[in-house]
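Here is a short briefing for a reader new to this structure. Start with the overall layout, then turn to a few local details.

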Amino acid sequence: LDPFLPENPDDVERLKALQKDIHQGFIDLVKQSRGSRLKGPEQTLFSGEYWTGPKAIELGLADGIGDLRQTLKERFGDKVMTPLISPERSLFGRARPRIDLQGLGSPGLDLMSRDFMSHDFVSHGAELAGGIISALEARALWARYGL
C-alpha cells in the first residue's frame, strides 16, 4: 500500500491475507505454549483485544503480574544479574554523541574521545561525511512521515 497512490483492491486483499497468516501463526504459538492453561472461547482469546493483567490471568494468557527482575529471581534464584543498559553519559548528563562507521570499514568514532581526534582525517574524512549524510538522509525519510 502506497500512501501517495489511490488504494488498490488487490493490494488490500494481499495485505489482509498476510495479516490473517500472521494472526494464525500467533494463535498457533499461543496454543502451543499456553496449552491447557487457556480458559475461554477462542473467539474471545484471539479477538485482538487488549486485556488487563488480572483478566489475562483469568483467561490463562498470563501466569502472574510482576516485574522482570523479581520474576527472574523467583525462578532462578538471587544470583540472577539484570544490569541496566543505557547510553554512555557525558559529564553534563547528556548522551554522548556517536557516529557508527563500522559498516564503512572503520571503527565507530566517539566524538568525545581522544581516539576520534587521532584519526587520519585524510583517509577517514569521506567515511565520516558519508556516515553523517546517511544519518541525515534516514532522519529526513522518517520526518517525511511525521516521525
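**Overall layout**

Along the sequence, the chain runs α-α-α-α-β-β-α-α. That comes to six helices and two strands. Helices (H or I, at least four residues) and strands (E, at least two) are DSSP runs, numbered from the N terminus. This is a predicted model, where local features need pLDDT of at least 70, side-chain atom pairs count only at pLDDT 80 or more, and totals for chains, interfaces and linings use all residues. Residues are numbered from 1 along each chain as its sequence is written, and side-chain values use heavy atoms, with hydrogens and water left out.

**Surface and contacts**

- Of the chain's 147 residues, 14% are buried (under 20% relative accessible area, with a 1.4 Å probe and protein chains only).
- The chain's accessible surface is about 12300 Å² (Shrake-Rupley method, 1.4 Å probe).
- Carbon and sulfur atoms hold 59% of that surface.
- Among contacts (heavy atoms within 4.5 Å) with a separation of 6 or more, 16% join residues 24 or more positions apart.

**Around Arg-34**

- Arg-34 belongs to helix H1 (residues 9-34).
- Arg-34 is buried, at a relative accessible area of 13%.
- Beyond its neighbours within four places in sequence, Arg-34 contacts Gly-60, Leu-61, Ala-62 and Asp-63.
- A polar atom of the Arg-34 side chain lies 3.0 Å from the backbone oxygen of Gly-60.

**The two ends of H4**

- Helix H4 covers residues 68-76.
- At its start, a side-chain oxygen of Asp-67 comes within 3.3 Å of the backbone nitrogen of Arg-69.
- Just after H4, Gly-77 has a positive phi of about 100°.

Key:
Buried means under 20% relative accessible area, exposed over 50%, partly exposed in between (1.4 Å probe, protein chains only). A polar contact is a pair of N or O atoms within 3.5 Å; within protein, one must be able to donate a hydrogen and the other to accept it, and residues adjacent in sequence count only if both atoms are side-chain atoms.
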